[in-house]
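Dear colleague,

I am passing on the structure below, together with some notes on its charged side chains. Please read the notes with the coordinates open beside you.

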Amino acid sequence: MYGTIRTAAYEPDPAHGPLLESLHVMRLGTELHTALTRLHDHARHHDGRPARLPVRQLNSLLRALAPGVVATARNADAAGRPWLYGSEPVPAEVVGPLVATWAAGLLRARGDDDTEDDDADTLDREDRLLDQVDTVVADLPSWESEEVDLTEATVSPGGTAEPAQRVFGLLPEWVAHRLAARPFDALGPDIRFRVASREGGAELVSWPPRAHEHNKRTWYYSALLTIAVHTVPFAARPRVHVSTSIRRWATSLAIAPRDLRGSTVLLDLPLPWPDGPGRARRLVENTLAYDRARGRVVWRRHSPAILLPDLDIVRRYPGAADLFSAPGTWLAGRDGIAAGIVYSPVLGPHSVGPGLMPRERSLLDAWVEEGLRPMLRRVPDLGRVTRRNTPSLLPRTAPADQPEAREAALCLGRRSALAKVLDGAPLDVELLWQTPETRDALIAALPALIGLPPGRRVDDGEGGGGDGGGATWRWQTDGIDIRVRARPAGRLADPLRLPGDRGRSRALRLADAVTGRCDLVSRELTEPADGLGVALVEIRGKEGFRKVPDSDPKHALRIACAHRGRLSQFITVPTEAEEALAHRARWAWLDVLRQLGALSPPAHRVGAGIPGDLQYAALWLVRHTRKGPTRCPVRRLVAVRVRPGDGTVHGWDAERAEWVPYHRLLRLLAAEKTQAPPAAPGGTATGGRIRETAAERPWPYEATAGRPWPYEAERQIRTLLYQFRDRPTLLLADLGNLRQCWPRLRNGALARDMLGFGADRDQRLAVYGPDLRLVLTRDGNGREEVPEWYAHDGTGKVGFSQGVWGPAEPDNRVFASTTDVPHTATLPKGLMKLVPVAPHRTAPRKTAWNPVYLELTVLGCLSEKALADAGRPEEPADSPAEWATLAHQLRLHDDYPPLSRPLPLHLARLAGEYVLPLAAPAPRSAASASQPAASASQPAGSAGSAGSAGSGGDGSG
C-alpha cells in the first residue's frame, strides 16, 4: 500500500521570487479598433445583441504565423490593455497583412451567407471600410517594452490566491514554450513537442505523430500535455496543472460528410515570411464541419485555414473537403504542409487506446519538473490522513466453503431496500422489447438480482404468450409484489420524425414530435393502478439515430412515461455476445432500483466524531443549452436527501415546498410544464424563431420581480438550508457545477465556516443550522481544475492507491479522494505506450484507466472557532479530515464500481436526466391573435399537426 501520492501541479517557488519576463506588447489602439468595429458592424447580422470583435480567428492567425508572438488577449478593445504579447517586436510587415487579410475575410463570410447580390451602394461602402482598415494597418500601433510578472496574484480575505486575469493566458504559454524547447528522451528516442493554444491554457503535442501497425493498417497517435492555471481553496499561490494523455489521429473517416458535426484539425505550416524561421512553432487549431446550408464540408468561421490561401498564393493548403476525403495523406504531409484530424469516437474505430499508465506519466512529470526549475516548484506530495478508507462493504471474497455468501447478502439487501420503497404496494413494470434475447435476459436478471426464484409466467391472451405477443411474469414474496408485462415495443421505439415546417425553430418542431409520441404512449401504455410503475424499453443505440438529428426517441419516451406515472429505463438492442447482454440486463435493473430510491450508502467507518443520526443532502444544478436533449435551454436546481438510518431517499419538490420520495421527484421533473420564450424586449421574433439576449433566456424557475436568475437560485438554496435544521446534516455540493448559480462558491470568495449569498456579507454556517457541515467537491470539470496524480513509494515504484490524502497541516481543509482501478481495467503498471518495449508491442492498443482525483474542501464544520462564535465552546470540535473521509466513503457502494462523486451527489446529478423541458410557441400579439397559424387550425392527427401520419409524428402510421 502506497503512503504518498504525487500531483502533476506546480507553484511559484518563493525562493526564486516573482517570475518576471521582459515582453513586448502591442495595444489595439482606438483607430484600429474603430475601423475594425465599423467593418464588423457592416458584415454581421444585426440581431440586437451588443457587438464584440470576433478576434478568435485573428488571434489564432497571429500566434501561428507571426514569429515572436507569445500570447494574445482574449477580448481586444480600445481600453488600453495589451492585445499582443511578443518575445520580440514583430515587424509591421508581418502583423499588417495578417490583420488586413482577416478584415477582408469578415466581408467574405458575410457574402457566403447572403442569398442576393449586394447593390452598388453596399459594395462601395465595403470598399471604403476596407480602405480605412488598410490606412490604419499601414500605421499600426508601436510595440512597447513591459516587464510582466507571470505569477502576479493577490490573496483573498479567505486566504486563496487570485491571479491577475492575464496570468491564465500568459503563464501556460510560457510553460509550453519552455518545455517545447527541450526533447523528452527518457524513453529512448527523442520525442519533441509543438505548442497548440487552447481556450484557458495551452497544449503540447508530440510531433510528428507516432505510428502503430495493426490489422494491416497504420494508426497514429501523439503524447499530449495540457497546461492550465488554477487555484485551490485557501492556497496562497496559484498552481499550474500539467495533465498527460494520448492524442489519437484519424486516418480514415467511417462517417458520411453530413454526420460531421465538428472535428478539431491541427495544421503544421511553414511560415510565409522570407526572413523568418522556416516553420511555425505552433500547430494551428481549426474546426472541420458539415454545413447543411451549403451541402458540403467546410472550415468553421473561426478557423485560420480559411485565410491561409490569401496569405500565401504559392503553396497549396488543404481544403476542407480534400482533408475529409484523404486525412491520412495530409497527416503524412504534402509539400511541407501537414494536417491532423483529432480523433473522436464518432469518426469510427481506432486501434490505439486512450490514456497513459502511471509509469509513463511519472517520467513525463519528472521531465516537466526539471524544465520548470527554478521558477516553479512541485506542489508537495500528499500523505494519507486515515487508514479507514472504505465503509462497511461486504467482503469482496467469500469463504472457500461459501462461494455464494456475498451475493446472497447483496440480494437480501436489495430486496429489503425495495420492500421499504414499495411499502406494500405492487411494482408494475412494462417491458417493451425488440429482440427476444433481450427480453429473456431481463426476465432472468431480475430474480437473480434480488434473490428470488424464476417468476410465474401468465399469458395475457395476446398472441398466446409467444414471441409475437405479450406475457406477464410475477413475483410475490416477503412483502414484494412485482409484475413484469413483456410485449413488443412496436411503434413506441421508432425514430422520431420532426415536422417539416422549416420556418419554425427546431426546438418547437421537436416539441411537436415529442408531444405526438406522448399521445401514442398514452394510448399504448396504462398507468399503474395502485403502485409504482416502470417502463423498461429496448431501443437502438445512439449510432442508430445519428444520421437523422433529433430522431432518438429516448427523451420523448421518458417524458411520455412520466406523464403516465412511470419511471423509464432503457437498454440498447444487443450487438455483443450473450455474456455482455446478461451484464447489461443486470445493470438495467440496478438502474431501475436506483431510480426507485431502493439503495442506501453502506454504514461508514469514520469514527465516533460523526453523529449517529446524520443525514446527507446534495445540491445539483441541471444546465441544458440549446444543444441539449430537447433543444430547449433550462437551469433547474435539484436537491436530494438521504437518511441512512431509515434507508430513504427523498428529493425536494420546490413547487409544493416539501420532500417527496426520489421516484416521485423524477416523475415530477419530467412532467414540469414548459414555458414560452419571452417576447420583446428580450429579443426579436422572426418566423417563430426567438433570439434572446443573455439576460432574457427562457429558463424555468427564472427571475422573479425583475431579479436575475442567480438571485432566485440562491433564494431556493437558502430555503433548502433551513430544511436541514432539525438534525445533523452533511451537505454536499460540486464547485464546478453549483458556482454557476451560487457565485460566492468561487475559490477566491470562500472563507472557512462561512457562507455568502449575493452582495450580502458572509454569515456563519451555524446561522443556517447548528449541526450543518458543508463539503465541496471538485473534479477536472473538463478544464483540468484538479491535477493528475500517481502514487509512489519514494524508491521508483509507482501506481495507484485508494484513500484520502492531504498535506501535513493541522488546519488543512482541502483533501484528495482517490479510488482503485476496477479489476476489469487492471494492466501492468510499467506499460509503455509512447515507446513500446519488446515485451509490450501491443501496448498502444491498451486502454489506460486512471482513477478520478476528487478534491474535497471541508468548507464548514464545527471547528473550535465556529463553536466559540456560536457560544458552544464546551463541545468537542470536528476534525475536518473525518468529514472528508466520510465524503470519500460515500463514493463506495457494494453494487457499483467506485463512483466519481459521493452517492447523494450522484443521485442528484442523475435526476437531471428527467429535466426535459419542451419549447412552447412565443405569445402572439393582439393583432395576430385573431389570425391563427395554419397548423393550429387543423385537428390533432391531421397532416401538418403534431400528430401527423396518425402516429404522433413518428412517421410509423
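Predicted model: local features only at pLDDT ≥ 70, side-chain atom pairs only at ≥ 80, totals over all residues.

**Salt bridges in the model**

R27 forms a salt bridge with E146, with 3.6 Å between the closest N and O atoms. This pair links distant parts of the chain, since R27 belongs to strand β3 (residues 20-27) and E146 to strand β6 (residues 144-149), 119 residues apart.

A second salt bridge joins the side chains of R746 and E162, at 2.6 Å from N to O. Here R746 sits in the loop between α17 (735-738) and β33 (754-755), while E162 is in strand β8 (residues 161-163), so the contact ties together parts that are 584 residues apart in sequence. R746 is partly exposed, with a relative accessible area of 42%, and E162 also counts as partly exposed, at 25% relative accessibility.

R564 and E527 form another salt bridge, their closest N and O atoms being 3.6 Å apart. R564 is found in the loop between α13 (554-563) and β25 (566-572), and E527 in the loop between α12 (506-524) and β24 (532-539), so this pair ties together parts that lie 37 residues apart in sequence. E527 has a relative accessibility of 46% and counts as partly exposed.

Beyond these pairs, E430, R485, R487, R491 and E524 are linked in a network of salt bridges, and a search of the whole structure finds 56 salt bridges.

Methods. Residues numbered from 1 in each chain as written. Heavy atoms only, no water. Salt bridge = Lys/Arg side-chain N within 4 Å of Asp/Glu carboxyl O. Helix = DSSP H or I, 4+ residues; strand = E, 2+ residues; numbered from the N terminus. Buried < 20%, exposed > 50% of the residue type's maximum accessible area, 1.4 Å probe, protein only.
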